[in-house]
Amino acid sequence: MAPIINQWAVITIVLSGIALVIGVTFIRRGNREMHMRFMLLASVLATLFLVLYLTRLGLGYEKKYVGPAEWRGAYFALLITHILMAALNLPLAVGALYWASRGLRAAGNLSRIESVPQARAAFATHRRWTRWTVPVWLYVAVTGWIIYLVLGSYGQLSVR
Ligand code: HEM
């Protein structure tokens, strides 16, 4: 059971990273509606990942690194920054979503933002949050995938 949960955890976080890239591409092209949809999808997938990951931890499924000793330092640096960034990603994503929802409520709909000063201000704050949220989120998704691949070749299951 735990290995399947682990696989789904990796699948959801990778899909969440892909949805994030698509969502950001949409806003760069000015498509607010699709940006919103993909960012909500990315957030749901990231939440699902968190649930699966915590379930897996609860089941005591853990893999130890048993690969080449000269790569040990690099692997742990990756693992520690991954965990720290993942913890940071949660409040950053919540902040970005919060300011987007405040802006949307103030404007009524996505096409009225420019004509409502509170909505403009809320989305300016949204933009400031996303400057950190997007790179941190991408880092977590990419390093998570790398760690999964490394442990696929050099991981040993430790049963608690
Ligand atoms: C955590 C989820 C989200 C992230 C990471 C995110 C990311 C971004 C990014 C990178 C930009 C472009 C910033 C720039 O131009 O420099 C942006 C703009 C924008 N986002 Fe989001 N977004 C998220 C959720 C949402 C949601 C749910 C909505 C819909 C309510 C939304 C609506 C907008 C709008 C309208 C803009 C344009 C703001 C402007 O140009 O003033 N975003 N977002």
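Two residues are in contact if their C-beta atoms, placed from the backbone, lie within 7 Å. With that in hand, welcome to the close-up views. This is a predicted model, in which local features need pLDDT of at least 70 and side-chain atom pairs count only at pLDDT 80 or more, while totals for chains, interfaces and linings use all residues. Residues are numbered from 1 along each chain as its sequence is written.

View 1. Helices (H or I, at least four residues) and strands (E, at least two) are DSSP runs, numbered from the N terminus. Along the sequence they follow the pattern α-α-β-α-α-β. The C-alpha atoms fill a box of roughly 60 × 30 × 25 Å along the principal axes. Of the 160 residues, 22% count as buried, a label for residues with 20 or more other C-beta atoms within 10 Å of their own, with C-beta atoms placed from the backbone. Among contacts between residues at least 6 apart in sequence, 73% join residues at least 24 apart.

**View 2. Here H1 meets H4.** The two axes come within 9 Å and cross at roughly 145 degrees; axes are lines fitted to C-alpha atoms, for helices over the stretch in contact, and angles run from 0 to 180 degrees between N-to-C directions. H1 passes H4 in a left-handed crossing, meaning that the near helix is turned anticlockwise from the far one by less than a right angle. On the H1 side, look for Val 10, Ile 13, Val 14, Ser 16, Gly 17, Leu 20 and Val 24. Their partners in H4 include Trp 137, Leu 138, Trp 145 and Tyr 148. By class, this contact has twelve nonpolar, three polar and no charged residues. Ala, Val, Leu, Ile, Met, Phe, Trp, Tyr, Cys and Pro count as nonpolar, Asp, Glu, Lys and Arg as charged, and the others, Gly among them, as polar.

**View 3. Here H1 meets H2.** Their axes come within 8 Å and cross at roughly 160 degrees. H1 and H2 are therefore roughly antiparallel to each other, the term for angles over 145 degrees. Their crossing is left-handed, and the contact has 22 nonpolar, six polar and two charged residues.

**View 4. The ligand is surrounded by 21 residues.** The closest are Met 36, Met 39, Ala 96, Ala 100 and Thr 130. Helices H1 (2–28), H2 (32–58), H3 (72–107) and H4 (117–154) are the elements that give two or more residues to this shell. By class, the shell has 14 nonpolar, five polar and two charged residues.

Methods: Buried ≥ 20, exposed ≤ 12 C-beta atoms within 10 Å, placed from the backbone. Near = placed C-beta within 6 Å. Parallel < 35°, antiparallel > 145°, perpendicular 65-115°, else oblique.
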